[in-house]
2 protein chains.
Amino acid sequence: MVKTAMAQPVSPLAPAQFPAMPPVSGVALCVFNTGLRYQGRPDLLVARLAPGTTAAGVFTRSLTRSAPVDWCRQALADGQGLGRVLVVNAGNANAFTGRKGVETVERTAAAAARAFDCRAAEVFIASTGTIGVTLDDSKITALLEGPAPAQAGSASWHDAASAIMTTDTFAKGATRSATVDGVTVSVCGIAKGSGMIAPDMATMLAYVFTDAAVSPAVLQAWLREGVDRSFNAITVDSDTSTSDTLMLFATGAAGHAPVVADDDPRAAALRAALFEVLLDLAHQVVRDGEGATRFVSVRVTGARSDQAARRIALAIANSPLVKTAIAGADANWGRIVMAVGKSGEEADRDRLQVRVGGVLIAAEGEPVADYDETPVAQHMQGREIDIEVDLGLAEGRSQVWTCDLTHRYIDINADYRT
Amino acid sequence: MVKTAMAQPVSPLAPAQFPAMPPVSGVALCVFNTGLRYQGRPDLLVARLAPGTTAAGVFTRSLTRSAPVDWCRQALADGQGLGRVLVVNAGNANAFTGRKGVETVERTAAAAARAFDCRAAEVFIASTGTIGVTLDDSKITALLEGPAPAQAGSASWHDAASAIMTTDTFAKGATRSATVDGVTVSVCGIAKGSGMIAPDMATMLAYVFTDAAVSPAVLQAWLREGVDRSFNAITVDSDTSTSDTLMLFATGAAGHAPVVADDDPRAAALRAALFEVLLDLAHQVVRDGEGATRFVSVRVTGARSDQAARRIALAIANSPLVKTAIAGADANWGRIVMAVGKSGEEADRDRLQVRVGGVLIAAEGEPVADYDETPVAQHMQGREIDIEVDLGLAEGRSQVWTCDLTHRYIDINADYRT
């Protein structure tokens, strides 16, 4: 079960480099190698958060969710939305591990609470990796009760983003700044995830930190709104993880008067910055979709409702036939029509308009007269593919993002465990 | 666009040989090469049906369905469930071809009606292949009005099953016999389809013929019931075609008194034979799933309802992560748990039981004590994989069939058109 650091080639869709991310006052990171699964690379992230840090979270809706997810949901409620420690390990998901898995989480939280002098309900835990393998938490608790408190602050954002990777081929980070009451605040986020990515929740794990001061209720409201436009609008393979977790922490260390209403005009720029960080991270997850070679935007307009548009966009984005055609740089728009037809949402074959790369291909139930595939074929050779479908029925609209389905997806997933 | 006969290797899951299928009295087959897309192989099937032949059909629920599907639905209604001619071409789906596609079908039906001396509403048409390319029907009508009537009866079931293939790697046929009132009747069916296979409807095309005498209403009732247990219980890639068509014709040539009630005890064996033919054909479609190397049965029991069990079974069968694990012979049961969790149906993590190859792997929310992966790993090396999930909630049950997701699926679909 022990793996050495993976030698996956970096996704061709990866950003040129990890962004320059400033420290967030009140957040102190450190990373370790537990040896649980990976050797020669950090696989444990511990984040110490300043007293008074508020927390919000959105978690997988899977009914077979992991023990750490159950813990975090409960801790958010029990701890009144305050957070002091975050502990994330990569390589073992501690999912479907029964009573033993629950005890593992409880012992880990207790050890972190002792080490960082806080309540257990202020400790948030996540595990990502293989399902159904008992997690030996002694390798984590020994580090928490040993070197972790002294080393808090020794790791960079890049270290943190790297420590939570599993099949990821690049570390994912994003940052924006804003001002609140004239005070500059930072929003910094990290994410991991490249397979088992679908809405509700899309990513495996993402953590966003700010030094702004925001009440737990506002944080939670912003997070729900932001996730709908970002992580819930991406899909790699339509599969939903048992461990998906997105959390947002606000340390308040920037020192402005707290934001306590979600439409507080003082916080408009902060809210926008948060949404940008979420979208940036979500796009990076797609760009690291297992085996991805093309980043695909699917925009649907003219549907009966935004929800109908979303379902149609996802039917296109999740269609194996659409995704393999994109992998083959084939402008096979017939499969887009097929996917619209199978979505179950209202559509009128003879009103549909299909565009690829901005070029109108089909309208009024057939290919447009004198359709020239040349510019579309050229577009399909690129790294960024734009698909647009107009239903011609009403005003509903949605945009989702996905990647193509290639041989490497199968390479990666046909022997993940072995 | 013209292709030579395809050189795909035959699926490793193919039956050893095409079955010995008897002629069905009242059905006369012939095949031709239209040259529309394929050269060097028949790509047009014409079946002449005796006067009085009854017909029933089940069609794709796609909202972007093809012109031939629209035609067949209307013809079944207009023709009072009688059928005299079936015309099927392979290589061009005549789907999303607008007004021109509708006219193509109308001209084809008119030509067949003239050539075979029947009403246009007794002509059934199907087209399979690429979407969105105008079909030059003159190449079909010339054959219908030329050699077709004289050659009716010249082709075998194997010829017919071969003529309707596109990416199929083997011809699909099935036959059973039964007695009605002491008279032996035959049920013979052919099918094609290997991708874009998912419930509602599963196959691209399937045609079943019997010399029994059965009223249109009974035929339709049997077909609906039979399809639910067969073609609507298989999935290759979750995609639904714009052209899926399943039709059933009864010539009545066997000479017994007609069956006019769907629970007529005289017809119990006939009905059972029909269901067996449908299931046999549906399984063959899965066995020819694009790139398939393993045939997978997913049985779900203990769900809140049969419908819930069906949804859970399909969530497992359609999961790319489950299907790639099977391709890699990896007994990764954690992904089965994940798929149950994402189905949206009621499940209790701690009551789930998961079996692979009959071996209990997980129960009470964790792997069973002393779980020995050896027999399961051995099972995963075989061609036939059995997955069983018991929800432990109630009595709902369902069984569906699928195949694994391999590199060849991507090979086939990344360059189908080019």
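Start with helix 1 of chain A and helix 2 of chain A, whose crossing is right-handed (the near helix is turned clockwise from the far one by less than a right angle). This is a predicted model, in which local features need pLDDT of at least 70, side-chain atom pairs count only at pLDDT 80 or more, and totals for chains, interfaces and linings use all residues. Residues are numbered from 1 along each chain as its sequence is written, and chains are lettered from A.

Select residues 67–78 for helix 1 and residues 98–116 for helix 2, both in chain A; they pack at an angle of about 50°, with their axes 8 Å apart. The helices are DSSP runs of H or I, at least four residues, and the axes are lines fitted to C-alpha atoms over the stretch in contact.

Next, show the side chains of the contact (heavy atoms within 4.5 Å). Helix 1 of chain A gives A:Ala67, A:Pro68 and A:Trp71, and helix 2 of chain A gives A:Gly101, A:Val102, A:Val105, A:Glu106 and A:Ala109. These residues divide into six nonpolar, one polar and one charged.

Now colour chain A by domain: domain 1 is 3–287 and domain 2 is 295–414. Their centres, taken over C-alpha atoms, are 33 Å apart. The contact takes 19 residues from domain 1 and 16 residues from domain 2.

Finally, show both chains. A rotation of 180° with 0.0 Å of shift along its axis superposes chain A on chain B, with RMSD 0.0 Å. That is the relation of a two-fold axis. Select A:His407: in chain A, its C-alpha is the nearest to the axis, 2.8 Å from it.

Key:
Heavy atoms only, no water. Least-squares fit on C-alpha atoms with pLDDT ≥ 70 in both. Axes fitted to C-alpha atoms, helices over the stretch in contact; angles between N-to-C directions. Helix = DSSP H or I, 4+ residues; strand = E, 2+ residues; numbered from the N terminus. Nonpolar A, V, L, I, M, F, W, Y, C, P; charged D, E, K, R; others polar. Domains from an automatic or database assignment.
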